[in-house]
Amino acid sequence: MISNLHLHSCFSDGMSWPEDIALDAARSGLDMVALTDHDTMAGVARFCAACASRGMQAIPACEIDVNEPQIDYKSELLAYFPGAEPAAGAPATRAILRESLRNRRARLEFLINSARELYPDKELSFEDLFRDKTRMEYDSALADEISWSKVDLFLYLKARRCIDPDMNYKAFKKKFFANGLLKKYKLDKPDIASVVAAVHADNGFVVLPHFGHLWDDDVALMHKEMEKLRSKLAWFRRAGVDGVELYWYNADYRSAKINELVRTIARPQGFFFTYGSDCHGPGSGKHTITKFKGNFEGFPVRQADGHQSEGHQGSAGHASPNTAG
C-alpha cells in the first residue's frame with residue numbers, strides 16, 4: 001500500500017480541510033493515508049469518508065503531544081487505530097484528547113489577551129481569530145474541536161498586521177516567547193506511559209515520529225552518537241511504543257540516510273515502520289504530500305497476549321519508483 005500516514009488539517013495546525021487533503025492524496029497516487037492532527041480526531045470521520053469516495057484507505061489516527069521527564073522528551077507520538085469506527089472509535093485515547101483540547105483553547109485565549117495588551121488598537125479576540133482561520137462565522141461547537149496552537153496566534157497576528165509579514169515562525173517564537181513579549185502559559189501534556197496505555201486499550205498502535213529531529217536532522221551527529229541513538233530507541237520500545245516513522249527530512253539524500261540508519265537500528269528491537277511527510281498544506285512551508293511516500297507493509301497483528309506478531313494486517317502493495325523502500 002503506497003502510503004503517507006502523517007498529514008495535518010485545519011483541525012490543528014494544517015492549512016487545508018480534510019476533504020481537500022483527500023483530493024491531494026488521490027492526485028498524489030496514494031493508497032493509504034492518515035489524518036494525524038495534533039491532539040484531536042475531530043476531522044477523522046470527514047477525512048475517512050472523503051478518502052473512501054476516492055478509493056483510498058484512511059486509517060483513524062492522531063498525533064499526541066507529550067512531555068516525558070524521564071528522558072526529557074518534549075515532542076509527539078503518533079497513534080493509529082486500524083479498524084476503528086472513524087467518528088467515535090478509540091474512546092480511551094479520545095478522553096486524553098478532550099483534556100488536551102481544553103488546555104490548548106485556554107492557552108490560546110490567554111495568549112490573545114496578552115497580545116491585546118501589546119496591540120490595544122487592533123481589537124484582537126478569539127472569535128476573530130476563529131473567523132480568520134476557518135473562513136467561517138464563529139461556531140462554538142467547532143471551536144471546541146479544533147486543536148489551537150501558537151501557530152494559529154502567529155498567523156492571526158500576521159493577518160491583523162501586528163507583526164512583519166516576512167517574519168517566520170521561528171523568529172516569532174524567539175521574539176515573543178523566548179524574549180518574554182507575551183506572557184508565559186505552561187501547557188500540561190500527558191506522559192508517554194499514559195498515551196501508550198490509552199492507545200493500546202483502544203487496540204491501536206503507537207509510532208515514534210521524525211526521530212531524526214532529536215539530532216537536528218544531522219546524519220553525521222547521529223552516526224557519532226550511535227549508542228545514544230540505540231539506547232533512546234530501546235527506551236521507547238520498553239515503554240510500549242510499537243513503530244518508528246520513516247520521514248521526509250526536507251531533502252531526498254538526507255531522508256534516505258537518516259531513514260536507513262533508523263531502520264537498521266530499530267528493526268532488531270522489534271519496531272515496525274510507517275511512512276510520513278508531515279504535510280501541513282499549501283502556504284505552510286510544509287506542503288510535502290508529494291515529497292515522500294512508502295510501500296507500507298501493514299500494521300502488525302496483535303496476539304492474544306497483546307504482543308505484536310510477525311504478520312501484518314492487510315497486504316503490501318507494489319513498489320513505486322518514487323517510493324521510499
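Trainee: Before we start, what should I know about the model and the numbering?

Mentor: The model is predicted, so local features need pLDDT of at least 70 and side-chain atom pairs count only at pLDDT 80 or more, while totals for chains, interfaces and linings use all residues. Residues are numbered from 1 along each chain as its sequence is written, and side-chain values use heavy atoms, with hydrogens and water left out.

Trainee: Great, sheets then. In what order do the strands of the five-stranded sheet come?

Mentor: The order is β4-β5-β6-β7-β8, in an open sheet with mixed pairing. Strands are DSSP runs of E of at least two residues, helices are runs of H or I of at least four, and both are numbered from the N terminus. Two strands pair if DSSP finds at least two bridges between them.

Trainee: And which strands stand at the edges?

Mentor: Those are β4 (61-68) and β8 (272-276); each has a single partner strand, so one side of each is left without a neighbour in the sheet. On average, neighbouring strands of this sheet are turned by 35° against each other, direction ignored.

Trainee: How do β6 and β7 run, parallel or antiparallel?

Mentor: Parallel: β6 (residues 205-208) is joined to β7 (residues 243-247) by two bridges. Valine 207 has glycine 243 of β7 opposite.

Trainee: Which helix lies across β7 and β8?

Mentor: That is α11 (residues 252-266), which runs at about 165° to β7. Contact here means heavy atoms within 4.5 Å. Axes are lines fitted to C-alpha atoms, for helices over the stretch in contact, and angles run from 0 to 180 degrees between N-to-C directions.

Trainee: What about the sheet of four strands?

Mentor: This open sheet has the order β3-β2-β1-β9, and its pairing is mixed. β3 (57-58) and β9 (294-295) are the edge strands, each pairing on one side only. Strand β1 (residues 2-7) pairs with β9 in the antiparallel sense over two bridges, and glycine 294 in β9 is the bridge partner of serine 3. Helix α2 lies across β1, β2 (32-35) and β3, at about 160° to β2.

Trainee: Switching topic: how much space lies in the largest pocket?

Mentor: About 1,600 Å³. A pocket, on a 1 Å grid over the protein atoms alone, is an open set of points with protein on both sides within 12 Å along at least five of seven lines; a cavity is a set where a 1.4 Å probe fits but cannot get out, and lining residues have an atom within 4 Å of a point. Grid points are joined across faces, edges and corners, and a volume is the space filled by probe spheres set on the points.

Trainee: Which residues lie nearest the pocket's centre?

Mentor: Asp13, Glu76, Val151, Tyr169 and Lys173, out of 44 lining residues. The lining divides into 10 nonpolar, 18 polar and 16 charged, and α6 gives the most, with five residues.

Methods: Ala, Val, Leu, Ile, Met, Phe, Trp, Tyr, Cys and Pro count as nonpolar, Asp, Glu, Lys and Arg as charged, and the others, Gly among them, as polar.
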